[in-house]
Amino acid sequence: KRLMSHIEQDLKLNFDDVLLKPKRSTLSSRASVDLNRTITFRHSPKTFTGVPLMAANMDGVGTFSMAKVLQKYNCITVIKKHYSLDEWKEAIGSGVSLNHIAVCTGANMIHDPNAEDYYNIKKILEQWPDINYICLDVANGYQESFSNFVARVRKEYPDKIIIAGNVITPEMTEQLIIRGADIVKCGIGPGSVCTTRTMTGVGYPQVSGIMECSDAAHGLKGQIVADGGCRTPGDISKAYAAGADFVMLGGMLAGHKESELQLANGVYEFYGMSSDRAMENHSIDKQHYKGSEGKVVYLPDRGSVEHTIEEILGGVRSTCTYIGAEKLKDLPKCATFIQTREIVNLVFSKYE
Ligand code: 5GP
């Protein structure tokens with residue numbers, strides 16, 4: 001009895017555990033579906049208008065070359081933190097739109113509030129004050145020090161759209177929104193090059209996580225970005241249908257010429273940002289890390305990302321026609337999920 005009190009009995013579902021039920025629809029063609037959304041925020045007075053997809057701040061994904069393509073679709077690219085100020089100048093001079101990029105800072109600032117990462121984004125924002133998005137990205141958004149940092153950044157930048165995470169439970173989603181986040185980044189362990197679940201045993205099935213976190217966020221006029229685990233356009237549709245306002249992609253956008261990586265024997269190396277490979281490439285001293293939670297995969301060259309984006313948008317448009325949603329905004333309202341397989345997926349919150 002005592003042990004049972006630490007097991008959550010409800011079924012929690014992943015992308016592969018569900019499908020969307022087809023429904024009668026008056027839509028005649030997928031071309032008539034509108035994937036653009038206008039989104040307002042709890043804290044920032046700015047608005048987002050566009051297709052609510054984000055490129056992750058990873059090597060091979062969060063690049064200026066990626067941003068130049070995604071901005072055509074009014075999507076957001078979270079620019080990886082390793083570019084120099086000169087590279088920033090060159091990119092912005094050559095047509096990267098300030099309106100479609102986010103600056104990001106990583107984990108070290110919560111241990112040292114004056115850490116270089118945060119200092120760098122301050123310099124970038126001073127130089128280009130029209131950048132609207134700041135992404136505060138840590139592996140574990142549950143630490144009190146992270147919430148305090150979100151509050152500090154909100155105070156310093158009252159008008160910016162702040163994206164903060166990662167978490168995957170409703171109470172922490174609420175906490176980050178209350179402390180100053182506009183968009184909470186949700187996902188612990190689902191990433192294509194993430195090994196958190198195997199290295200630590202920690203995680204949460206992504207579709208249920210999205211449903212619970214978006215419900216919590218929307219109650220506070222906040223938003224979420226579903227981060228990690230999408231491998232197909234269908235997964236992206238499921239994320240929107242489960243309530244995600246934005247969807248963030250790593251692996252699906254990797255392996256293209258916009259990765260700014262060298263092709264070796266026809267493949268691109270793609271790795272988690274806390275993998276040993278990322279540490280090596282960015283000369284980060286591993287001493288500071290308890291263990292690597294990322295791996296390396298090899299992806300065949302898929303050409304330009306434009307083709308992949310078109311495929312994604314085509315897939316999501318088709319989802320909308322199958323379930324009768326005229327606009328992306330209507331997807332959650334029109335969606336009924338079918339649970340497709342019998343799974344036993346108990347979540348142990350504590351073991352005694
Ligand atoms: P994907 O779209 O590739 O499935 O997931 C992308 C997300 O994986 C990123 O936005 C980030 O949150 C997460 N991620 C990236 N690198 C790592 C890593 O090394 N370890 C972990 N645990 N997650 C990672």
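## A tour from the ligand outwards

Select glycine 229 and the ligand first: a polar backbone atom of glycine 229 lies 2.9 Å from an oxygen atom of the ligand, a polar contact in the sense of a pair of N or O atoms within 3.5 Å. The model on screen is predicted, so local features need pLDDT of at least 70 and side-chain atom pairs count only at pLDDT 80 or more, while totals for chains, interfaces and linings use all residues. Residues are numbered from 1 along each chain as its sequence is written, and side-chain values use heavy atoms, with hydrogens and water left out.

Then select methionine 273, which has a backbone N or O atom 2.9 Å from a nitrogen atom of the ligand. The ligand taken alone exposes 530 Å², and the protein buries 88% of that area (Shrake-Rupley method, 1.4 Å probe).

Now show the whole shell, which has 21 residues around the ligand, each with a heavy atom within 4 Å of it; Ser192, Thr196, Asp227, Ser274 and Glu293 come nearest. By class, this shell divides into six nonpolar, 12 polar and three charged residues, with Asp, Glu, Lys and Arg counted as charged, Ala, Val, Leu, Ile, Met, Phe, Trp, Tyr, Cys and Pro as nonpolar, and the others, Gly among them, as polar.

**Two places in the backbone**

Move to glycine 165 and asparagine 166, which are joined by a cis peptide bond with omega about 15°. Asparagine 166 belongs to strand β9, residues 161-167.

Select asparagine 74 after that, in the loop between α1 (64-70) and β6 (76-78). Asparagine 74 has a phi near 55°, a positive value in a residue other than glycine.

**The whole chain**

Finally, zoom out and colour by secondary structure: the protein chain has 12 helices and 16 strands (DSSP runs, H or I of at least four residues for helices and E of at least two for strands, numbered from the N terminus). The radius of gyration of the chain is 20 Å, close to the 20 Å that the globule rule gives for 352 residues, so the chain is as compact as a globular protein of that length (taken over C-alpha atoms; the rule is 2.2 Å times the number of residues to the power 0.38). Along the principal axes, the C-alpha atoms fill a box of roughly 55 × 55 × 50 Å.

How values were computed
A polar contact is a pair of N or O atoms within 3.5 Å; within protein, one must be able to donate a hydrogen and the other to accept it, and residues adjacent in sequence count only if both atoms are side-chain atoms.
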